[in-house]
Amino acid sequence: MSQLTLDVARKILDAALAKGVEKKLKPLVITILDARGAVKVTAAQDGTSLMRAEIAHGKAYGALAMGMGSRALFQRAQEQAYFVDAVNTLAQGRLVPVPGGVLILDGSTLLGAVGVSGDTSDNDEICAVAGIEAAGLKANAG
């Protein structure tokens with residue numbers, strides 16, 4: 001697979017949402033971006049708070065922009081706060097450097113990223129990884 005199709009993005013979305021329901025998490029917003037950073041699909045469960053869509057997008061966007069899962073970006077922000085802050089300024093504040101943004105890989109080919117927001121960052125990441133793996137792809141959280 002050389003690009004992320006809408007059908008595959010929907011499989012990722014459905015499996016990520018199902019993982020959230022299985023774990024009885026707070027309502028989630030899930031955004032899936034292709035390798036260009038274009039939105040393939042976004043969905044919000046009933047009851048999400050207002051900024052969750054922007055946060056989910058920022059987690060996915062940050063993973064793509066930096067070429068690493070947002071967990072790794074979070075680690076880097078702790079070690080090099082000024083660098084990540086400068087990059088986020090260049091990105092006009094669109095990076096959210098906390099876990100929950102996961103790269104989607106087909107072998108070594110980057111297809112896009114998933115961003116999840118609504119529960120703890122660790123639980124958000126678990127849902128993103130579950131969605132990617134359910135679609136038969138490789139997740140890179142960091």
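Student: In what sense do β1 and β4 pair, and over how many bridges?

Tutor: Start with the general idea. Strands of a sheet pair through backbone hydrogen bonds, either parallel or antiparallel. Now this case, which is a predicted model. β1 and β4 pair in the antiparallel sense, over 6 bridges.

Student: How do β3 and β4 connect, and where is the positive phi in their hairpin?

Tutor: They form a hairpin with 2 residues between the strands. G107 takes the positive phi there, near 65 degrees. The two strands pair in the antiparallel sense over 6 bridges.

Student: How many residues of β4 are buried?

Tutor: Buried means under 20% relative accessible area. In β4, 7 of the 9 residues qualify, so the strand is largely enclosed by the rest of the structure.

Student: Which residues of the largest nonpolar core touch the most other members?

Tutor: General idea again. In soluble globular proteins, nonpolar side chains tend to be buried together. Here the largest nonpolar core has 25 residues. L4, I12, I30, I32, I104, V114 and I132 touch the most other members. The elements giving two or more residues to this core are α1, β1, β2, β3, β4 and α5. α1 gives the most, with 6 residues. Apart from this core lies another, of 16 residues, among them A77, V84, L95 and L103.

Student: What does I104 touch, beyond residues up to four places away in sequence?

Tutor: Its contacts include L4, I12, I32, V114, I132 and L137. T109, L110, L111, G112, A113 and K138 are also on the list.

Student: Turn to α5. What span should its 14 residues have?

Tutor: At 1.5 Å a residue, they should span 20 Å. The end C-alpha atoms of α5 are 20 Å apart, which agrees. After α5 comes G136, whose phi is positive, near 80 degrees.

Student: Which residues of α5 are buried, and what covers them?

Tutor: First, the helix rule. An α-helix has 3.6 residues a turn, so residues three or four places apart point the same way. In α5 the buried residues are N123, D124, E125, C127, A128, V129, A130, G131 and I132. What covers the buried residues of α5 includes α1, α2, α3, β3, β4 and β5.

Student: One last residue. Is S70 buried or exposed?

Tutor: S70 counts as buried, at 0% relative accessibility. It lies in helix α3. S70 is then in contact with residues including K59, A63, V96, P97 and V98. P99, G100, G101 and A141 are contacts of S70 too.

Conventions: Residues are numbered from 1 along each chain as its sequence is written. This is a predicted model: local features need pLDDT of at least 70, side-chain atom pairs count only at pLDDT 80 or more; totals for chains, interfaces and linings use all residues. Side-chain values use heavy atoms; hydrogens and water are left out. A nonpolar core is a set of buried Ala, Val, Leu, Ile, Met, Phe, Trp, Tyr and Cys residues joined through side-chain atoms within 4.5 Å. Buried means under 20% relative accessible area, exposed over 50%, partly exposed in between (1.4 Å probe, protein chains only). Helices (H or I, at least four residues) and strands (E, at least two) are DSSP runs, numbered from the N terminus. Contact means heavy atoms within 4.5 Å. The expected span of a helix is 1.5 Å times one less than its number of residues. Two strands pair if DSSP finds at least two bridges between them.
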